[in-house]
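Welcome! Take a moment to turn the model around on your screen, and then let us walk through a few of its parts together.

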Amino acid sequence: MTVRMDVGLKERQGASGPAGPEPGLSEERRSSGPGEGLAFGAAARALGLRPREFELAVQLGEVRTVSTGAGPRVERAELTRLTTAEGFPEALAARMRVVGTADGAELLGISPGRFTRLARGGFFAPVRFYVNRYRAVVWLYLAADLTELAARRPELLSGRTPPGLSAALAAGEDWRAETWRGRRIGQLLARAEEPWARAAVLAAALGPDDLASVVADPHERGHLRELCPALVQMRPDSGPVREVIDKTVTADDAREVRRYRAALTEALRAARASRSAPGAEAEESPQRGGRHRSTDRPRGLWRRLTGRR
C-alpha cells in the first residue's frame with residue numbers, strides 16, 4: 001500500500017523557487033555591466049554567511065541574483081534589502097540552518113528513530129545530502145522546515161506512529177530521495193523561462209534509458225544535455241561516490257518515473273512549438289504541424305508532476 005504524507009510539503013514546494021545561477025535557466029535579470037553587483041564571495045561576507053550557507057540561500061531564493069557579463073552577481077539593492085530586514089543577521093542565518101538526523105531530532109524533542117520514520121514517510125523533504133566515507137547518503141534538513149512541521153502537526157511528535165505510515169515503512173517505502181528530487185527539480189523548474197530549459201530541468205531527473213524513450217531524436221537529447229542543470233555539484237574525481245550520487249539524483253520508483261516522463265513529454269511539446277533543437281530536422285513532423293507557436297509556460301505541468309490538484 002502506498003501512503004504519501006507530504007501534502008503540506010508539496011504546497012510549500014510549489015510556491016518556492018531558487019534564484020541561483022544554474023546553467024540554462026533564464027529567470028535572472030540581465031545587468032548592463034559587471035560593476036553593478038557583488039561577486040558571490042563578497043556578497044556572502046557582506047551577509048555574514050559561510051559559502052555553503054550562501055549557496056543554499058541562493059538556491060532557496062533567499063538571495064536574488066542577476067546575470068552580468070562577468071557571471072552571476074548580487075546587486076547592492078538586494079544586499080540593502082537583506083541587511084536592513086528585521087532581525088538581520090541572526091534571522092537570515094537561522095533560515096539557512098541545516099541539521100542532520102541527531103540535531104533535527106533534538107530540535108523536535110523526539111528520538112532519532114522517530115525523526116527518521118517521519119523523514120522516510122515524506123513529512124519533510126531533505127534540502128541537501130552528502131555521501132560519507134562508507135558511501136552512504138546522509139540527508140540534511142532545514143531547521144525552519146522542522147519547526148514549521150512541529151507547529152503544524154504537533155500530533156506527529158508523540159504517541160503511536162500513524163497506522164498508514166507504519167504500513168508504508170513496513171513495506172520498505174522511503175520518500176527521502178524522491179522528496180529531495182521533487183524539491184530540487186521544483187526550484188529549478190520555477191526559474192526556467194525558456195521552453196527547452198524547462199524540458200532540460202525535467203530531463204535531469206531521468207536516467208538515459210527513460211530519457212531516450214521520451215526523446216527519440218538524438219539532436220534533441222543532445223540539446224537537453226547541454227542545457228541540463230546540475231542537481232548537485234560533484235567533484236570530477238569523486239569516483240565511486242559519483243555512482244552513489246548519480247543514483248540518488250535519478251528517479252527510480254516506477255510511479256515517479258512515469259510522472260517525470262509525462263511532464264517531460266508535455267514540456268517537449270511546448271519546446272518544439274517554440275523552436276527546433278539545434279541540429280534537428282528543420283521540417284516539422286505531421287504531429288507538430290499547424291500548431292500555434294508559443295513560449296508560454298505549460299500550465300499545470302509541475303502541479304501534475306507532484307500530484308497536486
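The axis of helix α11 (residues 195-203) and that of helix α15 (residues 254-274) come within 8 Å of each other, crossing at roughly 160°. An angle over 145 degrees counts as roughly antiparallel, and α11 and α15 are therefore roughly antiparallel to each other. Their crossing is left-handed. On the α11 side, the contact is made by Pro195, Trp196, Ala199, Leu202 and Ala203. The residues of α15 that take part include Tyr260, Leu264, Leu268 and Arg272, and among them are also several alanines, such as Ala263 and Ala267.

Next, please find helix α9, which spans residues 163-170. Which of its residues are buried? They are Leu165, Ala168 and Leu169. These three cover an arc of only 95° around the axis, so they lie on the same side of α9. That buried set packs against α7 (112-120). After α9 comes Gly172, with a positive phi near 90°.

Finally, a word on confidence. The chain has a mean pLDDT of 83, with 78% of its residues at 70 or more. Over residues 1-34, however, pLDDT stays under 50, although the model has 109 contacts beyond four places in sequence for them. Residues 283-299 also have a pLDDT below 50, and this stretch has 28 contacts in the model beyond near neighbours in sequence. Where pLDDT is low, predicted coordinates should not be read in detail.

Key:
Residues numbered from 1 in each chain as written. Predicted model: local features only at pLDDT ≥ 70, side-chain atom pairs only at ≥ 80, totals over all residues. Heavy atoms only, no water. Buried < 20%, exposed > 50% of the residue type's maximum accessible area, 1.4 Å probe, protein only. Helix = DSSP H or I, 4+ residues; strand = E, 2+ residues; numbered from the N terminus. Arc of directions from axis to C-beta. Contact = heavy atoms within 4.5 Å. pLDDT = per-residue confidence, 0-100. Axes fitted to C-alpha atoms, helices over the stretch in contact; angles between N-to-C directions. Parallel < 35°, antiparallel > 145°, perpendicular 65-115°, else oblique. Left-handed = near helix turned anticlockwise from the far one by under 90°.
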